[in-house]
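Q: I would like to go through this structure with you. Could we look at one strand and then turn to the ligand?

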Amino acid sequence: MNTALVTGASAGFGQAICRKLIADGYKVVGIARREDKLQNLAKELGSNFLPLQLDITKKDAVESILLQLPQNFQPIDILINNAGLALGLQPAYEADYADWETMINTNIIGLVHLTRQILPGMVERNFGYIINLGSVAGTYSYKGGNVYGATKAFVKQFSANLRTDLLGKKIRVTNIEPGLCGGTEFSTVRFHGDEKQAAAVYQDSLFITPEDIANTVSWLVNTPAYFNINSLEIMPISQAPAGLTVVKEAK
Ligand SMILES: NC(=O)c1ccc[n+]([C@@H]2O[C@H](COP(=O)([O-])OP(=O)(O)OC[C@H]3O[C@@H](n4cnc5c(N)ncnc54)[C@H](OP(=O)(O)O)[C@@H]3O)[C@@H](O)[C@H]2O)c1
């Protein structure tokens, strides 16, 4: 039975991915900071799920927890770098610098910690799959997307560069790049707990669900071993890149 490690298992995509992979017959290590949410998921998913409370921004903690993984949850064959967040939607000249640091520390540095720890084992075994959760924000700019979009551009390019380093090895890398997705805590986190502002993002719009992303992950890991989807951009039909903006009287 293969084992997957999913970061951000306490909510949104990560939780749905854990549920789907357990249903598909994998063992799953689920990582997040909120212990109570992880324990509830563990009760639901049973003994093939291992909840691990961990802040992925803490390099030493990541290293020591991965070294202490129970034997029956080793080796990690699938790494799903899903934990991440957007904070704020202010223009760059008004944004909270601490928010920027948190996004960089989580979306870039946390993802890099996990990857650097787990990848050597995959290379040794010449087997593995890394799935990163990027975003359309890594490709298309939008107002207030400043550092969030830039962290996801990092994830996109890091995924592509991993593919290059792993060329000829039986290790696959995919960057999933979702657009508007509801049913997660993403916007509540972005607006620092303002549920009303978060709900307005999805009101009267069709959106992708966490289950759609989980089904996509399930499909990816079941594609033939010679097959690599480099990146996968997913939007609801309510969303599209809609052209450049021209300001007529820029001052
Ligand atoms: N929803 C969207 O519209 C959307 C679109 C494109 C891309 N994405 C990306 O998809 C991923 C998942 O988003 P989501 O919508 O599922 O968000 P979510 O519902 O807010 O879930 C984010 C998860 O990340 C975990 N997390 C955050 N910081 C962490 C840290 N320092 N250490 C460990 N875990 C941490 C959270 O758990 P704890 O708080 O318990 O630690 C939570 O489980 C993110 O990378 C996001 O950027 C989302």
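Q: Which residues point one way from β5, and which the other way?
A: In this predicted model, Gly128, Ile130 and Asn132 point one way from β5, while Tyr129, Ile131 and Leu133 point the other way. In a regular strand, side chains alternate between the two faces of the sheet.

Q: Are those residues of β5 buried or exposed?
A: Residues on both sides of β5 are buried. Because six of the six residues of this strand (128-133) are buried, β5 is largely enclosed by the rest of the structure.

Q: Which strand do four bridges join to β5?
A: That is β4 (residues 78-81), which runs parallel to β5. Asn81 stands opposite Asn132 in β5. The chain passes from β4 through helix α4 (residues 97-125) to β5 in a right-handed β-α-β crossover.

Q: And how many bridges join β5 to β6?
A: Six bridges join β5 to β6 (residues 171-178), and the two run parallel. Here Ile130 stands opposite Val173 in β6. β5, α5 and β6 form a right-handed β-α-β unit.

Q: Turning to the ligand, which residues come nearest?
A: Of the 29 residues around the ligand, the nearest are Ser10, Phe13, Arg33, Tyr148 and Glu185. The shell divides into 13 nonpolar, 11 polar and five charged residues.

Q: Which helices each supply at least two residues of that shell?
A: Those are α1 (12-23), α5 (146-165) and α6 (186-190).

Q: What lies 2.9 Å from an oxygen atom of the ligand?
A: An N or O atom in the side chain of Lys152 does. A backbone N or O atom of Cys181 lies 3.3 Å from a ligand oxygen atom. Taken alone the ligand exposes 890 Å², of which the protein buries 96%.

Technical notes: Residues numbered from 1 in each chain as written. Predicted model: local features only at pLDDT ≥ 70, side-chain atom pairs only at ≥ 80, totals over all residues. Heavy atoms only, no water. Near = heavy atom within 4 Å. Polar contact = N/O pair within 3.5 Å; in protein donor to acceptor, adjacent residues only side chain to side chain. Areas by Shrake-Rupley, 256 points an atom, 1.4 Å probe, with all protein chains shown as cover. Nonpolar A, V, L, I, M, F, W, Y, C, P; charged D, E, K, R; others polar. Buried < 20%, exposed > 50% of the residue type's maximum accessible area, 1.4 Å probe, protein only. Pairing = 2+ DSSP bridges. Right-handed = clockwise from strand over helix to strand, strands pointing away.
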